[in-house]
Amino acid sequence: MSEIRSKIVELKKNMNLNILGQEDLVNKLLITLLADGNALVEGAPGLAKTKAIKTLASMIKADYNRIQFTPDLLPSDITGSEIYVAQSGKFEFRKGPVFANLVLADEINRAPAKVQAALLEAMAERQVSVGGKKYELPKLFMVMATQNPIEHEGTYNLPEAQLDRFLMYIKVDHPDSETEKKILHLVRDEISGKKDIKNISVSVDDILSARDEALKVHMSDEVEEYLVQLVGATRHAEKYNSSFKGYIAYGASPRATLALDRCAKVHAWLNGKDFVSPEDIHAVVYEVLRHRIILSFEAQAEGYTTDDIIASLLKSVPLP
């Protein structure tokens, strides 16, 4: 195992010690970060979504900003704006909270479309355009947006074009009773000061180096063909399962193929492998595809979810 991989594995281990019961969330956040993407996390309040990204930022000593999305939020509240400075008689650009390594867009569906769209350029191009000028974002940049699946009153659904900008769509659930007891003890220790937080020697540069190493993991032609066929099956599901005819209005775009490729490589690398296997694809396929498949009204009326479609395709598309 390389030195940089050992550092990232140690980072993951220590995050799991501080965020109990959310091992999958921690794993998928690290994959998103190393794959140079953005994550949409859905879960009920109190499931350590905010703590996860704050802990990650603190452990890699990265700049972190939190944006609370509300109906009265303006695009300039995210990107920043030009301010007139009387002393110089000129307009100067004051950077908004999006200028950070890790950005939490909390309850992103609480703000209207024009505010959500303010993140699009940042997420896709890693830059912000204001007043005809372009301002580069940090090389290490990730948005983690959250949304509450319970309460939909006063919310604005994210359009498909914006959903496609998220590398992963991660769903989190409640921990079991045994884990919840451990969480209780952990928080008590943190309040009383009994818990010592171990210093992790992982820097932003280490993350960038790890990203370069992870994305060089080998993928054979056979596994690559399987990956492409799997994504293509979302556009023609009836070829693999005749009962799904007319159930998918729109399948995943080529961006999904690129995302699945990067995520599978990072997953393999995190697990100490130098090559990608179908198991690595399966480990990330739900998070990569579930927000990129648009079901028809008929499928929704019959109670199908995108996860159901993905599960069926995994059984139907032949393995290499």
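**Notebook: rings, cores and a helix crossing**

Entry 1. I began with F93, which counts as buried because its relative accessibility is 15% (buried means under 20% relative accessible area, exposed over 50%, partly exposed in between, with a 1.4 Å probe and protein chains only). I note that this is a predicted model, in which local features need pLDDT of at least 70 and side-chain atom pairs count only at pLDDT 80 or more, while totals for chains, interfaces and linings use all residues. Residues are numbered from 1 along each chain as its sequence is written, and side-chain values use heavy atoms, with hydrogens and water left out.

Entry 2. I searched the whole structure for aromatic pairs and found 4 (ring centres of Phe, Tyr or Trp, the last by its six-membered ring, within 6.5 Å; planes under 30 degrees apart are stacked, over 60 edge-to-face, the rest tilted). F93 pairs edge-to-face with F99, at 5.9 Å centre to centre and 70° between the planes. F99 is buried, as its relative accessible area is 13%. I also recorded that F93, F99 and Y135 make up one aromatic cluster.

Entry 3. I then looked up the pair of Y247 and Y304, which is tilted because the planes stand at 50°, with ring centres 5.1 Å apart. Which parts of the chain does this pair link? Y247 lies in the loop between helix 10 (221-233) and strand 10 (248-250), and Y304 in the loop between helix 13 (297-301) and helix 14 (306-316), so described as distant parts, 57 residues apart (helices, H or I of at least four residues, and strands, E of at least two, are DSSP runs numbered from the N terminus). Y247 counts as buried at 6% relative accessibility, whereas Y304, at 29%, counts as partly exposed.

Entry 4. I turned to the nonpolar cores (buried Ala, Val, Leu, Ile, Met, Phe, Trp, Tyr and Cys joined through side-chain atoms within 4.5 Å). The largest has 76 residues, and those with the most contacts inside it include I60, W269 and L289. Helix 11 (residues 254-270) gives the most to this core, namely 9 residues. Leaving aside residues up to four places away in sequence, L289 touches V231, T234, A252, A256 and I310 (contact means heavy atoms within 4.5 Å). A second, separate core holds 29 residues, among them I78, A122, F166 and Y169.

Entry 5. How do helix 9 and helix 11 cross? The axes of helix 9 (residues 204-214) and helix 11 come within 9 Å and cross at roughly 105° (axes are lines fitted to C-alpha atoms over the stretch in contact, and angles run from 0 to 180 degrees between N-to-C directions). Helix 9 is therefore roughly perpendicular to helix 11 (65 to 115 degrees; under 35 is roughly parallel, over 145 roughly antiparallel, the rest oblique). A210, E213 and A214 of helix 9 meet K265, V266 and W269 of helix 11. I sorted the residues of this contact into 4 nonpolar, no polar and 2 charged (Ala, Val, Leu, Ile, Met, Phe, Trp, Tyr, Cys and Pro are nonpolar, Asp, Glu, Lys and Arg charged, the others, Gly among them, polar).

Entry 6. I checked T55, which sits in helix 3 (residues 49-59) and counts as buried because its relative accessibility is 10%. T55 touches M15, N18 and I19, residues up to four places away in sequence not being counted.

Entry 7. Lastly, I looked up backbone angles. K61 is not a glycine, yet its phi is positive, about 55°. K61 is in the loop between helix 3 and strand 2 (64-68) and, at 60% relative accessibility, is exposed. E107, also not a glycine, has a positive phi of about 50°. E107 lies in the loop between strand 5 (102-106) and helix 5 (113-117) and is partly exposed at 24% relative accessibility.
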